[in-house]
Amino acid sequence: MGVSFEQARTARPTPEIAPAPTAGSKGMSLKFEIQPATNPASEKERAARLVDPGFGRIFTDHMAVVRYNQAKGWHGARVESRANFPLDPAAAVLHYAQEIFEGLKAYKRDDGGVNLFRPDANARRFWNSAERMAMAPLPEPVFIEAVEQLVRIDRAWMPGGEGSLYLRPFMIASEVFLGVKPSAEYIFAVIASPVGSYFKGGPAPVSIWVSENYTRAAIGGTGAVKCGGNYAASLRAQAEAIDHGCDQVVFLDAVERRYIEELGGMNVFFVFDDGSLLTPPLGTILPGITRDSIIALAKDSGTRVREEAYTIDQWRADAASGKLKEAFACGTAAVISPIGKVCSASGDFLISGGAAGPVAMGLRKKLVDIQYGRAADPHNWIRKVL
Ligand SMILES: Cc1ncc(COP(=O)(O)O)c(C=O)c1O
């Protein structure tokens, strides 16, 4: 028999679950205990898996783990063999989806060293996600240390060339209790997955499907944070995109159903005939770190960037009149993907004749060159791990 809502509500008042952030807790650091894997992949096995790693299918030998409970706060920081978590069937994450995650990459430089790109920004977004989901926020230095330690111990898994090591920090609610309330216990972990170049032979323009049946986020909801539930809710719309022969879905706002928000896992930019850029404003969309970096790089070169609402009807009209020159999606995984075609129930239209445009490609090169350490880093975005 389950627990009634009233029982759950009154069972254990837990106002201190997600302690109010203070400068002290936000800046707190922990020492990681390093326990190298006893049975890592052999050199031969690793080399074979790195030949064509794809995305998110193969994993390194280790993981970083930190635990939280109310008595100890964040504790037990370790880097250890990547292994299953023993999880009680009543663990809160399995029922009420208190889960958040991040995604960032480590890049191999030509001198053999390794760069992280803006891990502090991911740490801050993770903190914000935790707060929104009533989870215990993780101090920024612990987030960064966990990522760095994992990259160091698994450095042999760093792909060369245009490949990278995709890092996936995440946090789950692990308290064993069936009431609807914030969990009193959490597990934070980081795993790593070597990934190949997202596009073989250069970025291919993607086709996108405008979702008119499903929305992604409402004002006051969780659209601006990276919780697993957002992605679960997007899958039906993404499936609809695939059914219509498109690569990705683009969502409209949940109120008027006409303002462009973002793709299922990427932000979006528009390029106009006067050279200016437009991207939807923050609020219900994920504040992408690639989005923020593109805005900064474009402004550096004197390009006007507007963060303004833009409707699907205007997009169609601007594509037809030639006012719109390019559109592209952006995010950590693919960096920049040109958008070649937009499809919807009311008809399809092409952008830049369906080809990749020079502004998207120029910005992509600028960003990738900074990430791999091939260009100057005027904003101090790079953190050298090795
Ligand atoms: C919904 C959504 N929007 C945008 C992005 C792009 O964010 P970032 O540039 O930080 O990878 C992502 C990827 O994390 C995402 O999942």
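**Helices, aromatic pairs and salt bridges in a predicted model**

Tyr-96 is placed in helix 4 (residues 93-96); helices (H or I, at least four residues) and strands (E, at least two) are DSSP runs, numbered from the N terminus. The structure is a predicted model, in which local features need pLDDT of at least 70 and side-chain atom pairs count only at pLDDT 80 or more, while totals for chains, interfaces and linings use all residues. Residues are numbered from 1 along each chain as its sequence is written, and side-chain values use heavy atoms, with hydrogens and water left out.

Tyr-96 is partly exposed, its relative accessible area being 37%. Here buried means under 20% relative accessible area, exposed over 50%, and partly exposed in between (1.4 Å probe, protein chains only). Together with Leu-178 and Val-180, Tyr-96 forms a nonpolar patch on the surface, with about 260 Å² of accessible area in total. Patches are made of residues with over 30% relative accessible area and no salt bridge; like charges are joined within 9 Å, and nonpolar side chains (Val, Leu, Ile, Met, Phe, Trp, Tyr) within 5 Å. Accessible areas come from the Shrake-Rupley method with a 1.4 Å probe, and for residues only the protein chains shown count as cover.

The expected span is 1.5 Å times one less than the number of residues. Buried residues of helix 5 include Phe-126 and Trp-127, as well as Asn-122 and Arg-125. Ala-134, which follows helix 5, has a positive phi, near 55°. Helix 8 (residues 289-300) has 12 residues and reaches 16 Å from its first C-alpha to its last, close to the expected 16 Å. Among the buried residues are Ile-289, Arg-291, Ile-294, Ile-295 and Leu-297. Helix 8 is followed by Gly-302, with a positive phi near 85°. The loop between strand 13 (277-279) and helix 8 contains Gly-288, which counts as buried at 10% relative accessibility. The C-alpha atoms of Gly-288 and Ala-224 are 9.3 Å apart in space, the two residues being 64 residues apart in sequence.

A total of 15 aromatic pairs is found in the structure. Phe-143 and Phe-188 form a tilted pair, with 6.1 Å from centre to centre and 35° between the planes. This pair links distant parts of the chain, as Phe-143 belongs to helix 6 (residues 140-153) and Phe-188 to strand 8 (residues 185-195), 45 residues apart. Phe-143 and Phe-188 are both buried. The pair of Phe-269 and Phe-328 is stacked, because the ring centres are 5.2 Å apart and the planes are at 10°. Phe-269 is in strand 12 (residues 267-272) and Phe-328 in strand 15 (residues 324-331), so the pair ties together parts 59 residues apart in sequence. Both Phe-269 and Phe-328 are buried. Rings of Phe, Tyr and Trp (its six-membered ring) pair if their centres lie within 6.5 Å; planes under 30 degrees apart count as stacked, over 60 as edge-to-face and the rest as tilted. One aromatic cluster is formed by Phe-270, Phe-272, Tyr-310, Trp-315 and Phe-349. The charged end of Arg-82 sits over the ring of Phe-59, 4.3 Å from its centre, under the criterion that NZ of Lys or CZ of Arg is within 6 Å of the ring centre and within 35 degrees of the ring normal.

The salt bridges number 19, each defined as a side-chain nitrogen of Lys or Arg within 4 Å of a carboxyl oxygen of Asp or Glu. In the bridge of Glu-148 with Arg-152, the closest N and O atoms are 3.3 Å apart. Glu-148 and Arg-152 are 4 residues apart in helix 6 and therefore separated by about one helical turn. Glu-148 is buried at 5% relative accessible area, whereas Arg-152 is partly exposed at 32%. Arg-316 and Asp-313 form a salt bridge with closest N and O atoms 3.4 Å apart; these residues are 3 apart in helix 9 (residues 312-321), again about one helical turn. Arg-316 is partly exposed, with a relative accessible area of 24%. Glu-175 and Lys-181 meet in a salt bridge of 2.8 Å, N to O. Glu-175 counts as buried at 5% relative accessibility, and Lys-181 is buried at 13%. A network of salt bridges links Glu-162, Lys-365, Asp-369 and Arg-374.
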